[in-house]
Every structure is written in C-alpha cells, then in structure tokens.
Amino acid sequence: ASATPFAPLAITTSLGGNTAVLRAAGNIDINRPITMTGTAGPRLDIVSPGTVTFAAGAALSAPGGLWRVWAPNVVNPTAAGSFSNLYGCVYGDTTICSISGIALPTSGNGLMRDTQPTITVAANPTTGVIGAPLPALGYTVTGLLNGDTAAGAVSGTLSTTPSGTNTYTIGQGTLASPLGYNIAFTPSVLTLRRADLTRHMLMDAFHAENSSDVYGRNLDLPYVCTAASVAGGGLAAGAGRDPLASEWGKVRNQPQLSGCLNVTDGGSCSAF
C-alpha cells in the first residue's frame, strides 16, 4: 500500500493481501473486480478527493473483512457490491467520524462521505385514551439522499414531556442517525382523551350521518334520541293524548329497544 498520491489510477484485475490502500490525487476509475485474500479481517480502502467510478462488474470483495470508499462522489456504486452510506467521515478517522461524531463500524462495507447533510424528522401528532396503554409514537423523515431509507438512517425512540392537562410534547428523545446525518427535529403533541368522550365523539359522528344505512330508512332529518321515559310520558301525554302513542312509549321504555323518535311528528304514533 502506498500513501503517496498518484493519478490517474486505472486498475486491472487485482488481488490484495490483508490490507490495501488505493489512493490518488484525482479521480479513480475502477474497471475490474478487486478481491482481498487475507484471512485476518482483510480491509481495502479506496481514497480520492474527487470521483470514484465503478465500471459494470467491478465488484469489491473482502471476505470476512470490509472495504471502504472515501470520496465526495461515487458513480455506479452498486457495481461495487452491498454497502452503507456514512456521512461526516474523513479519511484518517479511526474510530469516530470527525465531522458527524458517529462511531465507525467495525464491519460492513461503506461509502465514506466528508459532508454531513441534514434530514428533517417530524414527530406525528398522536391521540390516546386516558388509562389505556400509550399509543405508538411515530415520525416522518424527509431529505434522505443516495437511496437511504428512514429505517436505516434514523434509530432510537421519541420522548414525551407533560405540557398541559392530558397533553404531552413529543420530543426527539434518543433519535439519532447511525449514518451520520444531522437531524433537524420538529416536535408534536400527544393528546389523551377520556374514554367516554371518545365514545361520544364517535356517536356524534354516527348520528350526523343522514343516510339509510345509519337509520334504516331515508329521512329528511335524523331522529333524535332521548330517554324513553320522556318520550313515553311527555310527548304521548301532550295534545291529543294519543293512547296508542302512549302505549308505544311504554314499549320503547324497554332497555333493549331504541329511545329514538321523530320529533316533527309530535306525540303521534308515527313519532316512534
């Protein structure tokens, strides 16, 4: 391995031992496969201040070890094989990337980039029920580069801090980027509601539907649901004192039946 820069560098089919560094003062074109043959964790480093370009089939292989490409730009990197992007890392870093502060992995291939891009992580607004297990907290990631995924670029868990009555601020918690992205975090709110309030909200939405699949018939206006005793003893006892309506009121007073009536029909039988 030579630490002396040289350019341009054109590589033919090559075999290395346990450690090799291919370094140039300019761009590097890799047009043949490179295989490391060492048995004690072989390692291959390719270093360029410009662009490293892989030709089709120019795969890198270090069985039991790893390879790394240190360059601002890499063309056709999938030809080299499987890898992860790592940001904020400069050639010469040993255990910690000097820009992003992430720990350099001891295994796995990587494209090492000396810039640290910023991604936005926004916590999702969430609603839960008082007394029930807290709902899962989620987030949305934007600004990813180079084919990175949210699952690979962000790890950790969100935090919650009380901010009011039954409300909590959702904070960044332990979220960080193992790939070295800088994270711009947007907090959100977790709101807990009473269980009975949640049911009332659902019932209000249900009763607001003025359609036959909700009420069993086509209506101009929805029925109004009251206590059956009011329906039976109030409206039926009003003007006209319709005796049949009074009897219907008694029937409707049974707990397994509906206490809903059409108020536009007053105390007549058709109200039920």
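In which sense do strand 3 and strand 6 (residues 43-47) pair, and over how many bridges?

## The model and its confidence

This structure is a predicted model, in which local features need pLDDT of at least 70 and side-chain atom pairs count only at pLDDT 80 or more, while totals for chains, interfaces and linings use all residues. Residues are numbered from 1 along each chain as its sequence is written, and side-chain values use heavy atoms, with hydrogens and water left out.

The mean pLDDT (the predictor's confidence in each residue, from 0 to 100) of the protein is 81, and 67% of its residues reach 70 or more. Over residues 1-9 the pLDDT is below 50, and this stretch has 20 contacts (heavy atoms within 4.5 Å) beyond near neighbours in sequence in the model. Residues 228-233 also have pLDDT below 50, with eleven contacts in the model beyond near neighbours in sequence. Where pLDDT is low, the predicted coordinates should not be read in detail.

Strand 3 and strand 6 pair in the parallel sense over five bridges, where two strands count as paired if DSSP finds at least two bridges between them. Strands are DSSP runs of E with at least two residues, numbered from the N terminus. In this pairing, T19 stands opposite R43 in strand 6.

Both strands belong to an open sheet of five strands with the order 3-6-9-12-11 and parallel pairing. Strand 3 (19-23) and strand 11 are the edge strands, each pairing on one side only. Neighbouring strands of this sheet are turned by 15° against each other on average, direction ignored, with the axes taken as lines fitted to C-alpha atoms and angles running from 0 to 180 degrees between N-to-C directions.

Another open sheet is built from four strands in the order 14-19-17-16, and its pairing is mixed. Strand 14 (126-129) and strand 16 (159-164) stand at the edges with a single partner strand each, so one side of each is left without a neighbour in the sheet. Here the neighbouring strands are turned by 30° against each other on average, direction ignored.

Within this sheet, strand 17 (residues 167-171) and strand 19 (residues 188-193) pair in the antiparallel sense over four bridges, and T167 stands opposite T191 in strand 19.

## A salt bridge

The structure holds one salt bridge, a term that here means a side-chain nitrogen of Lys or Arg within 4 Å of a carboxyl oxygen of Asp or Glu. The side chains of R43 and D45 meet in it at 2.8 Å, N to O. R43 counts as partly exposed at 29% relative accessibility, whereas D45 is buried with a relative accessible area of 3%; buried means under 20% relative accessible area, exposed over 50%, and partly exposed in between, with a 1.4 Å probe and protein chains only.

## Aromatic pairs

A search of the whole structure finds three aromatic pairs. Rings of Phe, Tyr and Trp (its six-membered ring) pair if their centres lie within 6.5 Å, and planes under 30 degrees apart count as stacked, over 60 as edge-to-face and the rest as tilted. One of the pairs joins W67 and F83, whose ring centres are 6.5 Å apart with planes at 50°, so the pair is tilted. W67 lies in strand 9 (residues 66-70) and F83 in the loop between strand 10 (73-75) and strand 11 (84-87), 16 residues apart. W67 is buried, at 1% relative accessible area, whereas F83 is partly exposed, at 25%.

Another pair, W70 and Y91, is edge-to-face, with 5.5 Å centre to centre and 70° between the planes.
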